[in-house]
Amino acid sequence: RGVVGGDALPDERMRRRRDEPAAPRAHDPARDDPPDVAPGSPTAVVVSVGRGRVDVLSSDGHTVVEALLPDDLAATQQTDVAVGDEVALTSVGGVPRVLAVSARRSVLARPDPANPHRLRVLAANIDVAVLVLSCRRPALRPGLADRFLVALADAGAAPLVVANKTDLLDAAERTSVDEALAPVAALGVPVVPASTHTGEGLDALAAAVRGRRAVLVGHSGVGKSSLLNALDPAGARVVGVGRTGDGKGRHTTTRSTLTRLPDGTEVVDTPGVRAFGLWRPDDDALRAAFPDVVRHAAACRFRDCSHVVEPDCGVRAAVDAGALAGSRLASWTRLIAERGD
């Protein structure tokens with residue numbers, strides 16, 4: 001019944017910014033004349049970003065205030081200021097203002113749809129990245145999990161995959177979903193079947209993110225808002241209904257937002273997306289995300305084997321022998337083709 005669909009990626013690239021200084025990035029004083037960052041300046045965590053401003057959670061963990069961005073940060077805010085950033089604050093005429101943005105330990109980002117050469121950051125300083133896939137309405141896209149792992153290869157954030165809407169499956173469809181995601185689970189990535197209607201998997205998801213900062217990503221309509229409502233019932237997020245006919249989701253989240261729960265867990269909701277470009281993955285990211293392909297590639301006759309047409313290919317032999325899922329090889333070759341190798 002068409003449970004498993006294609007795997008066009010909503011790529012949301014999580015990467016570590018290793019070249020950033022440990023000190024906060026202060027904006028250019030020549031452009032906006034801010035005070036210097038002083039030791040002991042109040043700090044806060046960005047919980048949402050608007051045009052020329054941010055909402056921040058103060059260091060007491062309870063108070064949310066609006067702070068203005070200086071001109072230079074406002075001009076580059078889609079890249080340089082994001083939910084999860086820690087910022088230093090000052091006050092000008094009694095109005096809170098962002099003075100500097102601290103270095104990040106991880107970044108969830110994608111190419112800007114209007115300018116693929118520019119980075120659009122959705123969230124920063126994430127501990128757990130949760131990819132939400134829908135089992136039905138819209139159909140499961142297991143190839144997204146492979147790309148998700150590439151995007152997280154050097155992030156320093158733990159991956160987790162949620163197969164949502166299991167209540168829509170019969171026994172045969174449930175088996176199909178389990179088989180489709182088995183190669184990801186075999187890599188040691190937690191895969192949590194879930195349903196907000198039956199409660200399946202909700203305790204496991206809550207345990208995986210408890211006390212940490214977690215971001216949920218995925219296509220529109222896969223059920224991110226419903227899962228976040230289950231984690232945070234007080235949040236009362238609007239839940240969308242799939243479009244009639246194709247079952248694809250409607251956008252219910254328009255921008256990234258961070259919520260701190262009573263137990264200290266922080267959850268970030270990101271806008272659902274239907275199309276993302278993939279940043280060109282480097283060799284290290286591919287090898288980290290496809291250790292099974294790399295392992296079997298050691299048996300290839302040619303060191304530069306593409307695993308497509310060469311004779312004595314260890315990877316294709318592993319697929320033929322059932323030692324490697326054909327879907328994993330398909331994802332590998334698709335990524336290489338997109339990269340232009």
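Two residues are in contact when they have heavy atoms within 4.5 Å of each other. By that rule, among contacts in the chain between residues at least 6 apart in sequence, 68% join residues at least 24 apart. The model on your screen is predicted, so local features need pLDDT of at least 70 and side-chain atom pairs count only at pLDDT 80 or more, while totals for chains, interfaces and linings use all residues. Residues are numbered from 1 along each chain as its sequence is written, and side-chain values use heavy atoms, with hydrogens and water left out.

**The whole chain**

Start with a cartoon view, where you will find 11 helices and 15 strands. These are DSSP runs numbered from the N terminus: H or I over at least four residues for helices, E over at least two for strands. Of the 341 residues, 49% count as buried, meaning under 20% relative accessible area with a 1.4 Å probe and protein chains only (over 50% is exposed, in between is partly exposed).

**Helices α6 and α7**

Next, select residues 202-209 and 224-231. The axes of these helices, α6 and α7, come within 10 Å and cross at roughly 75°. Axes here are lines fitted to C-alpha atoms over the stretch in contact, and angles run from 0 to 180 degrees between N-to-C directions. Show side chains for L202, L205 and A206 on α6, and for L227, A230 and L231 on α7, which make the contact.

Stay on α7, where 7 of the 8 residues are buried: K224, S225, S226, L227, L228, N229 and L231.

**The nonpolar cores**

A nonpolar core is a set of buried Ala, Val, Leu, Ile, Met, Phe, Trp, Tyr and Cys residues joined through side-chain atoms within 4.5 Å. Now select L131, V215 and F290: of the 48 residues in the largest core, these touch the most other members. Helix α4 (residues 143-151) gives the most to this core, with 5 residues. For a second, separate core of 18 residues, pick V130, A194, A214 and L228, which are among its members.

**The aromatic pair**

Which two rings form the structure's aromatic pair? Zoom in on F290 and W332: their ring centres are 5.5 Å apart and their planes stand at 80°, so the pair is edge-to-face. Rings of Phe, Tyr and Trp (its six-membered ring) pair if their centres lie within 6.5 Å, with planes under 30 degrees apart called stacked, over 60 edge-to-face and the rest tilted. F290 sits in the loop between α8 (283-289) and α9 (291-297), and W332 lies in helix α11 (residues 326-339), 42 residues apart. Both F290 and W332 are buried. Leaving out residues up to four places away in sequence, F290 touches D146, V150, R328, S331, W332 and L335.

Move to V184 in helix α5 (residues 171-186), which is buried at 3% relative accessibility. Draw a C-alpha distance from V184 to R328: 8.9 Å in space, although they are 144 residues apart in sequence. Beyond four places in sequence, V184 touches A145, D146, L149, V161, V189 and V191.

Finish at D55 in strand β4 (residues 53-58). Is D55 buried or exposed? With a relative accessible area of 18%, D55 is buried. Beyond four places in sequence, D55 touches V45, V46, V47, S48, V64, V65 and E66.
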